[in-house]
Amino acid sequence: MNHVQSSKFNFDEVIQRRGTGCVKWDEAPDEDVIPLWVADMDFAVAPAIQEAIRQRAEHPVFGYTYVQDDYYEAVIGWFRRRHHWDIRREWILYTTGVVPAMSVAVKALTMPGERVLILSPDYNCFFTSIRNNGCEVAESVLRLNGSQPGRFEVDWEDFEAQCADEKTTLFLLCNPHNPTGRVWTREELERMRDTCRRHQVRIVADEIHCELVMPGIAYCPMGTVDGEAVILNSPSKSFNIAGLMMANIICQDAATRRRLDRAININEVCDVNPFAPVAVTAAYNDGEAWLDALNAYICDNYNALCGFAAQSLPGWRVMPLEGTYLAWVDVSACCDSVATYCEELLDEARVWVNPGTMYGRESGEGYLRINLACPRSRLMEALNRIKQTIK
């Protein structure tokens, strides 16, 4: 049975977003472009979220917002229920998004000139956040596992060497990993923790994609592995509410939490809008069935991409997807420069995807990233357009 037909949520619905001030659609160069680039879903939010916002909008005053008890209870209940992670209220600091939270953590926990380690290719904002805070980016490049084709793994020898560098003081982890789609196992997270502890390297984990996993894959919160780690998370990606601007920093250590709180105020990202806590609370309290249906639909989209590429896109190698809704595709057989190749796809096929070099100048060469979070009809139209451009 098709996952969507067995669900009461209609992810096949095509919603017109152009003309709404939408970054994904309204930044496209022409109206006939299909945008499969930025990590933003084309699906309607869970009904519980829309209803909660509608009720809040009925009150005619939208002033400064106080985050109330039910918000914290929803966050704590969600992670206890779904991920067996017991979070205490005092561990939670809120801010306007995971990227601002990332900059807060780098500012609070490093000094200018120090090195921040990442697993490359990595989310492009990691690079800018590190550099904007006066630090250097240290890249430990992921390697492909020969025994499990297409699966990216940590180069542990290099990871150890990077941590051993006396200038490396922070490890910024993406879990699940954007753009490769890896969901790190508990064993891998434990090895990261042990290596970092040997060399006095703090861990900050961006876990914004933590709810987006494929069937049979389990997300492990770094907070259940390392009580000293600083965790950044938000339902913004998984529930498609990024525009409402709210995220949490979860930190068990009180002294570190004070430094983070100070950095939140220095960066002036301490206030949220009146709709954000309402949406987060509704997502965590009443959005679980919608999320499960979403993950099933994304899995079907991924399988559709794999099948189409194998049959109709010679030179495309779709890498295994364990988490996120972002497919990582090896197109090195099709091009010498992936940036040029993506420009050609935009010009000729009118399909907008991200070149892998956005996520690592060298480690991302030969790859592109495709956003699968759209109705299947739109995905297939984009793939058929690409097929027509093949010489």
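## A walk from the pocket to the backbone

The lining of the largest pocket divides into 25 nonpolar, 11 polar and five charged residues. In that tally Ala, Val, Leu, Ile, Met, Phe, Trp, Tyr, Cys and Pro count as nonpolar, Asp, Glu, Lys and Arg as charged, and the others, Gly among them, as polar. Please keep in mind that this is a predicted model: local features need pLDDT of at least 70, side-chain atom pairs count only at pLDDT 80 or more, and totals for chains, interfaces and linings use all residues. Residues are numbered from 1 along each chain as its sequence is written, and side-chain values use heavy atoms, with hydrogens and water left out.

Let us stay with the pocket for a moment. The volume of the largest pocket is about 1000 Å³, and 41 residues line it, with Ala39, Asp40, Ile241, Ala242 and Gly243 lying nearest its centre. A pocket here is an open set of points on a 1 Å grid over the protein atoms alone, where a 1.4 Å probe fits and protein lies on both sides within 12 Å along at least five of seven lines; lining residues have an atom within 4 Å of a point. Points are joined across faces, edges and corners, and the volume is the space filled by probe spheres set on them. Helix 2 (47-57), helix 4 (98-109) and helix 5 each supply at least two residues of this lining. Helices (H or I, at least four residues) and strands (E, at least two) are DSSP runs, numbered from the N terminus.

Pro121 sits in the loop between strand 3 (115-120) and helix 5 (124-132), and a cis peptide bond with omega of about 5 degrees joins Ser120 to Pro121. Another cis bond runs from Asn175 to Pro176, with omega near -5 degrees; Pro176 belongs to the loop between strand 7 (168-174) and helix 7 (186-198).

Now for phi. Gln200, in the loop between helix 7 and strand 8 (202-206), has a positive phi of about 55 degrees although it is not a glycine. Asn240, likewise not a glycine, has a positive phi of about 60 degrees and lies in the loop between strand 9 (230-233) and strand 10 (247-250). Are these residues buried or exposed? Gln200 counts as exposed at 64% relative accessibility, whereas Asn240 counts as buried at 17%. Buried means under 20% relative accessible area, exposed over 50%, and partly exposed in between (1.4 Å probe, protein chains only).
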